[in-house]
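Subject: Structure for your review

Dear colleague,

Please find the structure below, together with its sequence. My findings follow it, and I would be grateful if you read them with the model open.

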Amino acid sequence: MNPKPADPFPWWRGATIYQVYPRSFQDSGGDGIGDLAGITRRLDHIASLGVDAVWLSPFYTSPMRDFGYDVADYCDVDPVFGTLADFDALLARAHELGLKLLVDQIYAHSSSDHAWFRESRRDRTNAKADWYVWADPRADGTPPNNWQSMFGGPAWKWDPERAQYYMHNFLSSQPQLNLHNGEVQDAILDVARFWLDRGVDGFRIDALNFAMHDPELRDNPPAALLHKPLVRPFDYQHQTYSQFHRDTPRFLERLRQLTDQYDGIFTLAEVCADDGNVAIKRFIKGTSRMNSAYGFDFLYSPELTPTLIATVMSHWPDEKDMGWPSWAFENHDAPRAVSRWCAPADRDRFARVKLALLIALRGTVIVYQGEELGLEQDDIPFELLKDPEAIANWPRTLSRDGARTPMPWDDSAHGGFSTAEPWLPLGEANGARAVSMQQDDPESTLNIARRILPMRRDHPALRLGGFENCQIEGDLLVFDRVAQGQRIRCLFNLGPKPVPFSDTSQDTQIILSIGGATRTRLPGYACLFWECDW
């Protein structure tokens, strides 16, 4: 018997990845905080969606000032989430279910509680003195330059123990690692090796654009375009020197040399910048850096229009060495898409067509927990906020907490998330969208998601194909996905009212209809996919 030919495409190319925010997915310990054992308990739900992989947001040892993105030990599990044995059990169960497992890696900064930083701050001559970004004050005692933190205020904190400023792009308790230092790079690669040896299938790299700074510490120039709403001092600058240093790709090449020693590892970068597409392409250029990256084209867009889709897709043609993009409509940092992109009365209809649009985009796609239920942004009052950015910039910054509220599983207290009061409250509207309440309705958002998400596995054109023949007419968006002799035409009405449409072709087969779409009718927030024989 001839062996089955090897798949010429890696598993992650065109895959669907499900993001889990561990703190809010499932509490197994009764303390109101989700944990690794809770995720393991709910992996069957994730597998039922027909996705290929799970991405876990941070679960490492942390003081939780930024809820895990301030890492105090990169190679251990914070007790609130469980133990390394719990992680191993989760990984084993995911693999049993055919799911790959990705973990977050935070290389731009650590927690100020990390042993590396405690040693670095002792004096200017210790072994780790240059592991973080330190600088003397200007002659008048002020910070060394004008760089601003994303969370508000200068990106510099005075440290009396060392009598210098240290850099921080986020909280002052998140000091910037000096990735220009080869020893720091070696230590970070050891962290990656630890998790690779444990059996993970890849990494999502947090805030990669912040990984390296300008060693000359030159001032950032002012932002030229001030017509957009400015919430923080950070918004008044172009981060010309505090981000995107030209040596960052060299570090990525070292990381890729490591991951290539293992089978089937996927590396995904988070990149935020005004010229996001240019920057992303530098990070994923060729075959020696990151496998893919996602930017913020959709995550903070106030509306979803055919023009936006067409423009973003035009930046990623199906050409050699172009790089492979990834897309998310929402995540743990961005507001729920249904709350940004449609009226409250239309949210259920829109949630379904939005998922269909996501799986039709060229690239790897990421579904955030609860997106398959159509969850909306919860409204968290100031007195219950946990998000340090929202607290610092209240009321100008939309809280990230509203997208981090507990996953609703059933109609019991706290949505079946926990037997205790959750760390964030679950809103009534999202509680009514619980898994158990949608389970038996074939037309629920959940069950439609279960029909939509596996389609990328079944149709090479959707998973791997080019993006062609894009047409726009008002709210109507039409395009083809083409690969391996298959052509799928995708039609979307991204508005609430019906649009004129008629398919007179006889050589087509409808493979998906959402929102009552037919060959002669495309209602508001509806879509139709058909496979063409030509």
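I begin with helix H10, residues 347-360: its 14 residues, at 1.5 Å a residue, should span 20 Å, and this agrees with the 20 Å between its end C-alpha atoms. Please bear in mind that this is a predicted model.

Of the 14 residues of H10, 11 are buried, so the helix is largely enclosed by the rest of the structure. Among the buried residues are Phe350, Val353, Leu355, Leu357, Leu358 and Ile359, and also Arg347 and Lys354.

In soluble globular proteins, nonpolar side chains tend to be buried together.

Leaving aside residues up to four places away in sequence, Phe492 touches Val353, Ala356, Leu357 and Ala360, and its other contacts include Asp475, Leu477, Phe479, Leu522, Cys527 and Phe529.

Turning to the sheet, five strands form an open arrangement in the order E14-E15-E16-E18-E17, with antiparallel pairing. Strands E14 (466-473) and E17 (508-514) are at the edges; each has a single partner strand, so one side of each lacks a neighbour in the sheet. From one strand to the next, the twist averages 15 degrees. E17 is paired with strand E18 (residues 526-532) in the antiparallel sense over six bridges, and Cys527 in E18 is the bridge partner of Ile514. Helix H8 (residues 306-314) lies across E14 and strand E15 (476-483), at about 150 degrees to E14.

Finally, the cysteines. How many disulfides does a search of the whole structure find? The search finds zero. For Cys532, the closest cysteine sulfur is that of Cys490, 9.3 Å away, which is too far for a bond. Cys532 is buried, its relative accessible area being 5%, whereas Cys75 counts as partly exposed at 25% relative accessibility.

With kind regards

How values were computed: Residues are numbered from 1 along each chain as its sequence is written. This is a predicted model: local features need pLDDT of at least 70, side-chain atom pairs count only at pLDDT 80 or more; totals for chains, interfaces and linings use all residues. Side-chain values use heavy atoms; hydrogens and water are left out. Two strands pair if DSSP finds at least two bridges between them. Helices (H or I, at least four residues) and strands (E, at least two) are DSSP runs, numbered from the N terminus. Axes are lines fitted to C-alpha atoms, for helices over the stretch in contact, and angles run from 0 to 180 degrees between N-to-C directions. Contact means heavy atoms within 4.5 Å. The expected span of a helix is 1.5 Å times one less than its number of residues. Buried means under 20% relative accessible area, exposed over 50%, partly exposed in between (1.4 Å probe, protein chains only). A disulfide is a pair of cysteine sulfur atoms within 2.5 Å.
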